[in-house]
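Visitor: Hi, I'm new to this one. Could you walk me through it?
Guide: Happy to, let's have a look together.

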Amino acid sequence: MKKGNLVLLLSAAMTISVGQVFAQAAHLNVGLVDRDKVVTSYPRAQQAAEELKRQEAKVHKLIEDSNKQYEESKAAHKPPAELEGLQKRLQKEIDDEVKSVQARAQVLESQLETEIDSAIKAEAAIKKVDTVLMKQAVLYGGTDLTEGVVKRLTSVANASKASAK
C-alpha cells in the first residue's frame, strides 16, 4: 500500500472514531454540584471547622503562655544558657502541638472529602447522571444534584449522631 493511501485510510479511521466519541458525548447526562453549598450545609463539616478553631485557639494560648513564661524567666535574670534551653523546650512544645493540629486537619479533610464524594456518586447514580461537574464551571444546562447531596449527607450525619447516643 502506498504511503499516501495509508495516511488517507488512517485519517478516515480517526475521523470516524472522533465522530463516535462526539456522538456518545452528546448523550451524556451531566450533573452539577455546588460544592461550597454542600460543605457549608454539611453538619459534620461545621463540626470539623469548630474543632479546628478550638485547636487553633489552644495553639495560640500555648504560644502566649510560652512567651509569658520566657519573659518571666528573662525578667528574673536567668542565665543565658537556661533561657536558651527554655526557649528550645517551649518552641518544641509549640511545634509538636502545631503538627498535631495539622495532622488532625488532614484527617478531617480526607474524611469529609470521602463522605462528600460518596454522596455525590450516590446521588448521580440515582439521577442516572454520567458526569458531574462543579456548578460554578457551567453556564447553563445539566441537572443540579446539590440539594440531593445535602439531604443525603444530613441524613447520614443525623443517623450517626443518633447511633452515638
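Visitor: Leaving aside its neighbours within four places in sequence, which residues is Val149 in contact with?
Guide: Val149 is in contact with Val38, Ala119, Ile120 and Glu123. Keep in mind that this is a predicted model.

Visitor: Okay, and which residues have the most contacts inside the largest nonpolar core?
Guide: Val38, Tyr42, Ile116, Leu145, Val149 and Leu153 have the most contacts there, in a core of 17 residues.

Visitor: Which elements give two or more residues to this core?
Guide: Those are helix 3, helix 4 (80-126) and helix 5 (146-164). Helix 4 provides the largest share, with 6 residues.

Visitor: Switching topic: where is Ser73 found?
Guide: Ser73 sits in helix 3, which covers residues 43-75.

Visitor: Does Ser73 count as buried or exposed?
Guide: Ser73 counts as buried, because its relative accessibility is 14%, and the cut-off for buried is under 20%.

Visitor: And what is Ser73 in contact with, leaving aside neighbours within four places in sequence?
Guide: Its contacts are Lys78, Leu83 and Leu86.

Visitor: Now the whole chain: how many helices and strands are there?
Guide: The chain has 5 helices and 3 strands. From the N terminus on, they run α-β-α-α-α-β-β-α.

Visitor: How much of the chain is buried?
Guide: Of its 165 residues, 21% count as buried. The accessible surface comes to about 12000 Å², and 58% of that belongs to carbon and sulfur atoms.

Technical notes. Residues are numbered from 1 along each chain as its sequence is written. This is a predicted model: local features need pLDDT of at least 70, side-chain atom pairs count only at pLDDT 80 or more; totals for chains, interfaces and linings use all residues. Side-chain values use heavy atoms; hydrogens and water are left out. Helices (H or I, at least four residues) and strands (E, at least two) are DSSP runs, numbered from the N terminus. Buried means under 20% relative accessible area, exposed over 50%, partly exposed in between (1.4 Å probe, protein chains only). Contact means heavy atoms within 4.5 Å. A nonpolar core is a set of buried Ala, Val, Leu, Ile, Met, Phe, Trp, Tyr and Cys residues joined through side-chain atoms within 4.5 Å. Accessible areas come from the Shrake-Rupley method with a 1.4 Å probe; for residues, only the protein chains shown count as cover.
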